[in-house]
Amino acid sequence: MINSVKDDRTVQLATTGKTGRELCEIEDAPNNLYMVGSMGCIGSLGLGQALTRRDKDIVVIDGDGSLLMRMGSLATNGYYHPANMLHIVLDNHAHESTGGQSTVSHNVDFVEVAASCGYANSIHAHNLEELEASVRKWKMSKGLTFLYLKITASSRPQLGRPQVKPHEVKERLQRFINGPTDEA
């Protein structure tokens, strides 16, 4: 659903593991980045992109386990508050990519934490319809936004891996980002 709302100004950054693999299976595209080997860093990467490319919409797709590893990034994001950044957290209460070990996300109110850290909007979407409506609203109004959705801890049993090498993903994203802009 997140992917269906993107346009030619959108950069999508997916956290490590199955989140990036699922995005790749939905649509492997030049404006997608699948983080490899840096769990917890996708929000910081998104902040850097949002600050340096204000002409792009930066959509960060994070997981509960990943965010828990680097929760300080929420405070940094809030401090810099880039209006062109949407931070989505998909919470399955598990480190699914490494075997399904439980996280402690059931004990954290991510929506309140993000709001306390300075996100202009901090939203709990309860279903896919609310998620889509919130993403569409952000595309129209902007503002640093945190969007939380609880999901089930399951993925397709034979979930594929990106066939494109990490350095190729980076290079094609650079070409997408550095292409024509809307600014004069």
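Trainee: Which elements each supply at least two residues of the lining of the largest cavity?

Mentor: Rolling a probe the size of a water molecule over the atoms shows where empty space is left. In this predicted model, local features need pLDDT of at least 70 and side-chain atom pairs count only at pLDDT 80 or more, while totals for chains, interfaces and linings use all residues. Strand S1 (10-14) and helix H6 (128-141) each give at least two residues to the lining of the largest cavity. Helices (H or I, at least four residues) and strands (E, at least two) are DSSP runs numbered from the N terminus. Residues are numbered from 1 along each chain as its sequence is written, and side-chain values use heavy atoms, without hydrogens and water.

Trainee: Which residues line the largest cavity, and what is its volume?

Mentor: On a 1 Å grid over the protein atoms alone, a cavity is a set of points where a 1.4 Å probe fits but cannot get out; a pocket is an open set with protein on both sides within 12 Å along at least five of seven lines, and lining residues have an atom within 4 Å of a point. Points are joined across faces, edges and corners, and volume is the space filled by probe spheres set on them. Here, one cavity reaches 30 Å³ or more. The largest cavity holds about 40 Å³, and its lining consists of Ile2, Val5, Lys6, Thr10, Gln12, Val59, Val135 and Lys139.

Trainee: Where is the centre of the largest pocket, in terms of its closest residues?

Mentor: That pocket has a volume of about 720 Å³. Its lining has 31 residues, and Lys18, Thr19, Glu22, Leu90 and Ile151 are the closest to the centre. Helix H1 (18-26) provides the largest share of this lining, five residues.

Trainee: Which element gives the most to the lining of the second largest pocket?

Mentor: Helix H7 (166-177) does, with three residues. This pocket contains about 320 Å³ of space. Among its 17 lining residues, Tyr34, Met35, Val36, Gly37 and Pro166 lie nearest the centre.

Trainee: What is the order of the strands in the sheet?

Mentor: Strands of a sheet pair through backbone hydrogen bonds, either parallel or antiparallel. Two strands count as paired if DSSP finds at least two bridges between them. The open sheet here has six strands in the order S2-S1-S3-S4-S8-S7, with parallel pairing. S2 and strand S7 (121-125) are at the edges with a single partner strand each, so one side of each has no neighbour in the sheet.

Trainee: How many bridges join S4 to S8?

Mentor: Six bridges connect strand S4 (residues 85-91) with strand S8 (residues 145-150), and the two run parallel. Leucine 86 is opposite threonine 145 in S8.
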